[in-house]
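Please read the following report alongside the sequence and the model.

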Amino acid sequence: MTASSGGDSLAPASSIDTITRRLLRNAGTMLGGKAAMGLINLAATGVAFRTLGIEAFGVLVLMHAFAQTASSITKFQSWQAVLRYGAASLERGQRAEFRSLVRFTAGLDAGAALGGMFICAAVAFWLGGIFEIPPEMAGMAALYATSSAFMVMATPTGLLRLFNRFDVLATRDTMGALVRLAGAGLAALLGGGLPAFLAVWYLATAVGGLSLAFAAWRELHRRGLTGDKGEGRLPRASVAHPGIWSFVWTTNLTATLSLASGHLGALCAGAVLGPAEAALFAIARQIGEAALKPGRFLSPAIYPELARLAASRNRHAISALMRRALLASTGGSALLLVVLALLGQPLLRAVGGAEATPAYAVMMLLGIASAVGFASFALEPLLMSIDRQGAALRARLAGTVLYVPASLAGMHWLGLWGAGLAAIAMAVLMAVLQAGTAVAVLRGGNNSLNNPPPDNAVQVD
């Protein structure tokens, strides 16, 4: 049994044009869902900001950042393992090996969820004072930490991407956002304070995570991949899929380091400048990165396409796809950055009123950093697909080593400007390092992509 039905083919496409159309369709579906989710979340943020005020909203931001950071640090990028190993198992009809893979990655998710909860609770309870979280809120911060368990949904995400159900992912993404907006509106009408908004944020996170897990299980069941009666013991994942442990550790470390320009930025702002500045940073990042979000949606869409091309060892096809992707993303990032510059101030005023307008400068700096990441979005998926996970990890590590001290020092001397400038430096450094490895591989040398592709390899039109 294959993982597809109808037009959802996992076999190599016949041309780069076909791949490009499928990539853009899937990315467009994700973009639509994420755009809707982003607008709804932005509206909920505006309600919370105006109801709570900048100080209390800053505490809400920090508590949520604790949970997001803990889940991101502890979780494995098991969706990448599902794509890389799951597609091959299904194409070969190895149902038992596929179920072994799902059991393995689901176990990683469960362990990460538990670990994230305990780490986040301990940090929030014992170290909350560093971030100026009021002592009387320490218990509530520790309780909110358990929401991190619902953020670790990598296996369901990978399964839906593998089955080409980007439409389901887009729909599920909006459910939590709708709960957050409706709850925020209700809390504001009833005069709820910070505890009420924390409860709303928690409920929205839980609904989003659980609905995603249910959608993935339903898709497995629909395709007859939940197990057969009388089936013997499943093979160990490490035996059925050699190298999987090395792969998941490398991808996990790479993703953990990607936190540097995101959630850790808000935590650094809180530690150096206080909750009010952390709130401004969070709003600036939300608007600035939202304008450049397409790059984040294109990455998971292009990853399976590059993996299939790499398996066919067609270096010319990979180069053709990369040229198209990078040219389009560079032009798109420049255009969206201009839009951000024109609409940034009105958006800030709409979300937070006059108190939020000082975030414009750092919003533009974070937008430039995001634009660099958008323009180079295809480089990291390429490195993962051609067994250069180590190079991707080294690029992320170098960026983090640069960003964290530069951000802390920059904020100490320049305020939020320092965080924005550090984010730009990190994005440029990572793009240069990733591009260097990619160019070396695609130009030739001692690598498997130099081998002639098999007869059924993808051909370039």
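The sections below begin with the basis of the model and then go through its features.

## Basis of the model

This is a predicted model, in which local features need pLDDT of at least 70 and side-chain atom pairs count only at pLDDT 80 or more, while totals for chains, interfaces and linings use all residues. Residues are numbered from 1 along each chain as its sequence is written, and side-chain values use heavy atoms, with hydrogens and water left out.

Helices here are DSSP runs (H or I, at least four residues) numbered from the N terminus. Helix H1 covers residues 16-74, and although it has 59 residues, its end C-alpha atoms are only 37 Å apart, whereas a straight helix would reach 87 Å (the expected span being 1.5 Å times one less than the number of residues). H1 has a kink of about 120°, centred on Gly53, where the bend is the angle between axes fitted to the seven residues ending at a position and the seven starting there.

## Nonpolar cores

A nonpolar core is a set of buried Ala, Val, Leu, Ile, Met, Phe, Trp, Tyr and Cys residues joined through side-chain atoms within 4.5 Å, and buried means under 20% relative accessible area with a 1.4 Å probe, protein chains only. The largest core has 66 residues, and those with the most contacts inside it are Phe57, Leu60, Phe197, Trp201, Phe281 and Ile287. H1 gives the most to this core, contributing 16 residues. A second, separate core of 63 residues includes Phe104, Phe166, Ala237 and Val248.

## Salt bridges

The model has six salt bridges, each counted where a side-chain nitrogen of Lys or Arg is within 4 Å of a carboxyl oxygen of Asp or Glu. In one of them, Glu305 pairs with Arg22, with the closest N and O atoms 2.7 Å apart; this links distant parts of the chain, since Glu305 is in helix H12 (residues 294-311) and Arg22 is in helix H1, 283 residues apart. Both Glu305 and Arg22 are buried.

Glu219 and Arg222 also meet in a salt bridge, at 2.6 Å from N to O, and because they are three residues apart in helix H7 (residues 194-222), about one helical turn separates them. Glu219 is buried, with a relative accessible area of 5%. Arg396 and Glu380 form another salt bridge, their closest N and O atoms being 3.0 Å apart; Arg396 lies in helix H16 (residues 389-414) and Glu380 in helix H15 (residues 379-385), so the pair ties together parts 16 residues apart in sequence. Both Arg396 and Glu380 are buried. Salt bridges that share partners join Arg165, Asp167, Glu219, Arg222 and Arg223 into one network.

Methods
Helices (H or I, at least four residues) and strands (E, at least two) are DSSP runs, numbered from the N terminus. Buried means under 20% relative accessible area, exposed over 50%, partly exposed in between (1.4 Å probe, protein chains only).
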